[in-house]
Amino acid sequence: QFTKQNKMLLSKTVLPNKTWTLRSFPEKQFCATENAELLEEDLDLKNVDDDKIIVEVHAVSIDAFIRTMLDSNANPAHGGVGLNCPIPALGYGKVIRGNDKFKEGAMVTGLMQAAKYSVSGGEGMQKLVSLPRAPSSVFLHQMGISGIAAYIGMFVSPRKYPRKGETVVISAAAGAVGCIAAQMAKLCGARVVGIAGGEKKKEFLLKELKLDGAVDYKSTTKTVAEQLDEQCPDGIDFFFDNVGGSTLDCVLQRINLHARISICGAISQYDSGKINNKQSIVGPAHYIKVAETSSTISGFNMMHYQSHFLKAIGYLSWHYYRGNIVCPEHVEKGINSFAKSLEMLFAGGHCGRLIVDISGDIE
């Protein structure tokens, strides 16, 4: 429905806008105050091409892939952001000026600018479906790329999904993708151990998600290797990896015969910039264990599995409404908090999906 507020916005020829842009390429870790800039300027509708749409952005998610786009070397999978150009983010909002594909008043979701008002041709966007008794923000995690990525990495990409009684390990298990994947493994009847950083996240894995074990990679008393030996005394049958680096190496040394390793991401390599410098990226030193145990490693880019999206959404919806799979939301308020939230993602200061509520609609 095209609201009175939208009509008032369109009656104006100029909209006061705030857009996060890339000020400089990060040398290592992303720094909100050095690498990003909040550009405040008027959006003159007369200067926007007729085939473009203008979206009043309601909320955006803070995803690890954003960091891979901010280096001077463009990421082959996600692309790159030029200096002084808007930083992209997945989000949803209302079309206040449409084109042939999206009409005024339509709710859309997809890749947009980290801004109050996002201007694009509508590429990578789709209409936002309204689900009963579900907030729109669920499309930023469980019903969006987080849930679909977990589904592809758990049930489609590996040669065999987790079976009852098997030991499954999930890295970054307190994050959006990881926590959903962990709950999927529990629904398969597997014994599930999550890896995360800090006592707060360890408690979340054990008490909220009710996993069978947890490894704290920030522990000052025990190494990840020692904790894995304690939590997985019979070895590891399935590993859903979001982290890469030394964590992947630790798991490889403990895999069982015919184990499956599903590579979703390598967040340990993102904020250092190593992911876009192939000479610096840390690979698995113990890859030979894959051959010794007749195991398999399968990586996936979820956009190569679009034929499975509908089935994934069906599965996720079924378990969402039955409360079998949950994904907590950590919400930061206002467009001004976007860059600091991206810093927070890599500092590990949240559980579940990190969201920036731009319009103030999320309760």
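**Reading a sheet and a helix pair**

Me: What kind of model is this?
Reply: This is a predicted model.

Me: In what order do the strands of the open sheet stand, and how do they pair?
Reply: The open sheet is formed by six strands, in the order 10-9-8-11-12-13, with parallel pairing.

Me: Which are the edge strands?
Reply: An edge strand pairs on one side only; here these are strand 10 (213–216) and strand 13 (296–299). On average, neighbouring strands of the sheet are turned by 15° against each other, direction ignored.

Me: How many bridges join strand 9 to strand 10?
Reply: Strand 9 (residues 191–196) is joined to strand 10 by four bridges, and the two run parallel. Within this pair, D216 in strand 10 has A196 opposite.

Me: Which strands does helix 7 lie across?
Reply: Helix 7 (residues 224–231) lies across strand 8 (167–171), strand 9 and strand 10. Its direction is at about 170° to strand 10.

Me: How are two packed helices described?
Reply: The description uses the angle between their axes and the distance between the axes. For helix 4 (residues 145–156) and helix 10 (residues 309–321), the axes come within 9 Å and cross at roughly 105°. Angles of 65 to 115 degrees count as roughly perpendicular, so helix 4 is roughly perpendicular to helix 10.

Me: Which residues meet where helix 4 and helix 10 are in contact?
Reply: From helix 4 come G147, I148, Y151 and F155; they meet F309, K311, A312, I313, Y315 and L316 in helix 10. Sorted by class, this contact has eight nonpolar residues, one polar and one charged.

Note on methods:
Residues numbered from 1 in each chain as written. Predicted model: local features only at pLDDT ≥ 70, side-chain atom pairs only at ≥ 80, totals over all residues. Heavy atoms only, no water. Pairing = 2+ DSSP bridges. Axes fitted to C-alpha atoms, helices over the stretch in contact; angles between N-to-C directions. Contact = heavy atoms within 4.5 Å. Parallel < 35°, antiparallel > 145°, perpendicular 65-115°, else oblique. Nonpolar A, V, L, I, M, F, W, Y, C, P; charged D, E, K, R; others polar.
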